[in-house]
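Could you walk me through this protein in my viewer, one selection at a time? I am new to it and would like to know what to click on next and what I will find there.

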Amino acid sequence: MALILLALLPVPPKLKDSRSSVVSAENNAITHNVLATVLEGLVESGKNGITLDCADGQRRHCFPILCAWIADHMEHVLLQNLKNNACPQCEVPPERLGDPPSALNAPVRYSLRNHRRYQQLAEDYQDTGDERRIEKLAQKGIKGLFNAFWILPRTNPSELPKPDLLHTVYLGILKHLMEWVQDFLKKYNRLDIFDEVWSSMGAYPGFTVPNKAYRQVSQWQGKEMRNLGRIVLAAFTAALRAPTEAQRYPFRAATRCVAALIDFHLLAQYKIHTETTLQYMHDSLETFHKEKYIFQEFRVGKRAKKGIDKLIAEMALTQAAETLARKNSGESAAKRRRVTVRQREELAATREEEAAEKAHFNFIKMHLLEHFGSTVQRFGSIPLFSTDISELAHKTQIKESYRRSNKNNAATQILDNYGRVHAFGMHVLNLMAAIQNAPPNLLNDIKKSGVEDVLGLEFNSRGPISSTTECALPTGQRLLRGPDNATKNIDDAAMALGIPDLAACILRYAKNNGLTGPKDLPESLKDLSEVRARRYKTLQVPVPVFQDPDSYVSHNLRCTSSECFRGATARNDPVWINVGEDVTKTGDLNGRLPAFLRGLLKLRGGSNNSHRIAVVEMLWPMNGGIADTCDTLIRVQRRVYKSAAGGIWVTNIRSIMGMAHLVPYGQGRWLVNNRIDLKTWNDVYMGLRNAI
Ligand SMILES: [Zn+2]
């Protein structure tokens, strides 16, 4: 996606009376007039078309049409002249914003916004002065009489807003979810466990480990909220373990609710959708709406909260007066104490009832989720239109340009600077392409001219080496890194790793895999401990990226035994081992088991045969590896063995599939966090098996 800075919109200074309706209407009108000036160039070409040079060398008659405007909801409110709680896409009334979504392919429940009609009403009002026209517009949540988008041909303003992961999901619905989760945990006294789980999350590629308890983080940004979506379900489930009989029902409902919303947010990140995945996305949202009532009491607005506080204060006053009257009438202290307890319960019950009555889910970001499915059907996946990129561009294009300006009348300088940077960028790319295709006899001349210094290119005999090529590992190739040269043989390794029976474990592995014999590994324990071995601290495994078959992310699996890792605690990462179904029933784990990495070794057998092995401690699935029906997570545990070597396995490093993310769930037990990334979620268990 290329982003080109076109214009800077004027932001009126916040003056004392800028909140008055006259001033804000004036400000809106100015914004729209400026926008109309910016968009004017699209009017003629949109109507009659223009001839454009295409990349394939052909010239074509094209109609450039404005198709999307990616912004936060409040920016759409300004762009579309809407009331704050009006949907930019449909005419949903404010009190229905929290309704469950209508079926995926059903006709829309509320008519889509018809800007032709709004324009007509506005023009009629200007011609006739008939107030009823204005009232009609106001009913539909429209405030202004002119919209810059109305001048554009072939453009429907209501289709310009696209679902936005950053503002609607990460900073919108996930933020709300966290507030409910916090209130819920507080109500049941589980906040401390939650914070403990939160601040002890394990590492994972692409995931920034939170270094503070949840409550201590004061400001949440998109990046942190994205991280949060990957761990909140596991942390919540871990915080709610071992419920009392009375807690069982609310805990299960709350977990189902959190799981549904987290699943929705994961599906929204898909780059490719089918009708089935869209149906999953819709079903997750529906499940959330079915279960959301468990969090209803925490959805009280500020004004409603004040009202309730006032009511409770009044009740308390009356109760105090009654108590005083009874005391004066000579009632016994014991009886009075009983009454006081009853009164306190009454107050709590009233507060809860009032809260449940006044609370609702009618807020705009709740409703915007409903449009996700239909947008994907019409315009493609949601990440295509996310503001993540444009927010980044804001930094590079505007902030950087402002820094370079002399801060005096900066707007023009900002626009000029980026135009210049952009033009240079294009020129460099063109030069690079030209040099790469240059005939070999010209290469010397190119080198002499010093172009490579300007472009930052490196040459080899055949031509320039592109500096941007990623050195991705070839499919399936695993690399051992960080050798420990102090380890010379298996005996040394046993000492370094703190596994006294290491040789016995390796022998068992060698025998099972037919690696023993005069030309390879020896068959006696004594000889085996003398076999040359080198210990490594990192295993690099390429893991395919979900929905992107040509790319890999490199998982660096650390195994430092008892030594510190980068000044922090030792790391013996949890990894996935491919075991198939022959060892145990793996259920929803689909033939893989999590294990802790305890050692990485390269052995040299006879005839210089080398064996790259991993020493691991297996974790075993509980409940046959079947995921829990509520939280849809799988639990694994450490098994107790008679001998220390019992739990230690040796395996070829080829069977290691990547890092696993485990969340502690009581002594010797873990939750498999399959929401950590889309790939794990699809490989391990989506929890949507019964969704269709
Ligand atoms: Zn809507």
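Here is a short tour, one stop after another.

**The whole chain.** Start with everything shown as a cartoon, and keep in mind that this is a predicted model. The protein has 692 residues, of which 30% are buried. Its secondary structure comes to 22 helices and 16 strands. The C-alpha trace spans about 105 × 105 × 50 Å along its principal axes. Of the contacts between residues at least 6 apart in sequence, 66% join residues at least 24 apart.

Stop 1: Select residues 50-53, which are strand 1, and residues 59-62, which are strand 2. The two strands pair in the antiparallel sense over 4 bridges. Show side chains and you can find L52 opposite R60 of strand 2. The hairpin has 5 residues between its strands, and G57 takes a positive phi near 90 degrees.

**Stop 2: helix 7 and helix 8.** The crossing is right-handed. Which residues of helix 7 meet helix 8? They are I193, F194, V197 and W198, and on helix 8 they meet A235, A238 and A239.

Is Q219 buried or exposed? Q219 counts as exposed, because it has 5 C-beta neighbours inside 10 Å, and 12 or fewer is the cut-off for that class. For a sense of distance, draw a line from Q219 to S610: the two are 391 residues apart in sequence and 52 Å apart in space, C-alpha to C-alpha.

Stop 3: Select 634-637 and 669-672 to see strand 12 and strand 16, joined by 4 bridges. V636 stands opposite W670 of strand 16.

**Stop 4: helix 9 and helix 10.** Select 245-267 and 275-291. These helices pack at about 150 degrees with axes 8 Å apart, which makes helix 9 roughly antiparallel to helix 10. Their crossing is left-handed. Among the residues making the contact are A253, R256 and F264 of helix 9, and Y280, M281 and E291 of helix 10. The residues of this contact divide into 10 nonpolar, 3 polar and 3 charged.

**Stop 5: helix 20.** Finish with residues 502-512, where L502, A503, C505, I506, L507 and A510 are buried. What do these buried residues pack against? Show helix 19 (490-497), helix 21 (525-528), strand 10 (610-618) and strand 13 (648-652), and you have the answer. After helix 20 comes G514, with a positive phi near 65 degrees.

Methods. Residues are numbered from 1 along each chain as its sequence is written. This is a predicted model: local features need pLDDT of at least 70, side-chain atom pairs count only at pLDDT 80 or more; totals for chains, interfaces and linings use all residues. Two strands pair if DSSP finds at least two bridges between them. A residue is buried if 20 or more other C-beta atoms lie within 10 Å of its own, exposed if 12 or fewer, and partly exposed in between; C-beta atoms are placed from the backbone. Two residues are in contact if their C-beta atoms, placed from the backbone, lie within 7 Å. A crossing is left-handed if the near helix is turned anticlockwise from the far one by less than a right angle, and right-handed if clockwise. Axes are lines fitted to C-alpha atoms, for helices over the stretch in contact, and angles run from 0 to 180 degrees between N-to-C directions. Angles under 35 degrees count as roughly parallel, over 145 as roughly antiparallel, 65 to 115 as roughly perpendicular and the rest as oblique. Ala, Val, Leu, Ile, Met, Phe, Trp, Tyr, Cys and Pro count as nonpolar, Asp, Glu, Lys and Arg as charged, and the others, Gly among them, as polar.
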